[in-house]
Amino acid sequence: MLKRILVGLVGTVLLAVGVLLLVLPGPGLLLVLAGLLVLASEFPALEKYVDPVRDRAMQAAEASVSSPLRTAGSIAFGAFLIGAGVVWGLVPDLPVGGWGTGTSLILSGLVLWGLLLWSYRRISR
């Protein structure tokens with residue numbers, strides 16, 4: 001029972017972060033796929049969603065690094081997120097200011113860069 005709860009929690013967090021990253025110019029669908037894979041390991045009813053999301057995630061990963069302009073835009077947006085996170089952390093007078101918001105922006109930028117690197121390496125093989 002504890003394993004099922006932990007798998008559900010990890011899968012839900014991955015899925016939620018992936019959905020949040022869908023608005024970024026990077027491959028957020030990869031985290032949605034990871035969340036679904038984790039959840040499907042304990043909840044078999046979700047397996048029917050894995051293959052369609054896997055196909056779409058691989059297409060999105062390829063598209064995110066398909067041209068130097070897209071890659072540069074994604075890298076720049078990751079840098080923007082990290083910079084905004086530092087500003088939000090240092091200037092508590094901003095709306096929803098503080099390190100809680102700042103840290104989430106910084107982590108979003110780092111996750112974006114990590115997923116871009118993964119996509120680039122996967123596509124470059």
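This is a predicted model: local features need pLDDT of at least 70, side-chain atom pairs count only at pLDDT 80 or more; totals for chains, interfaces and linings use all residues.
A crossing is left-handed if the near helix is turned anticlockwise from the far one by less than a right angle, and right-handed if clockwise.

Residues are numbered from 1 along each chain as its sequence is written, and side-chain values use heavy atoms, with hydrogens and water left out.

So, the overall picture. The protein chain has 5 helices and 0 strands, running α-α-α-α-α from the N terminus; helices here are DSSP runs of H or I with at least four residues, strands are runs of E with at least two, and both are numbered from the N terminus. The C-alpha trace spans about 45 × 40 × 20 Å along its principal axes. Of the 125 residues, 34% are buried, meaning under 20% relative accessible area, with exposed over 50% and partly exposed in between (1.4 Å probe, protein chains only).

Now for the first pair on my list. Helix 4 (residues 68-90) packs with helix 5 (residues 99-124) at about 165°, axes 7 Å apart. Axes are lines fitted to C-alpha atoms, for helices over the stretch in contact, and angles run from 0 to 180 degrees between N-to-C directions. That angle makes helix 4 roughly antiparallel to helix 5 (over 145 degrees; under 35 is roughly parallel, 65 to 115 roughly perpendicular, the rest oblique). Helix 4 passes helix 5 in a left-handed crossing, and their contact has 16 nonpolar, 8 polar and no charged residues. For the classes, Ala, Val, Leu, Ile, Met, Phe, Trp, Tyr, Cys and Pro are nonpolar, Asp, Glu, Lys and Arg charged, and the others, Gly among them, polar.

On to the other pair. Helix 2 (residues 29-42) and helix 3 (residues 47-64) pack at about 160°, with axes 8 Å apart, which makes helix 2 roughly antiparallel to helix 3. Their crossing is left-handed. This contact has 14 nonpolar, no polar and 3 charged residues.

Leaving aside neighbours within four places in sequence, E42 is in contact (heavy atoms within 4.5 Å) with K3, R4 and V7.
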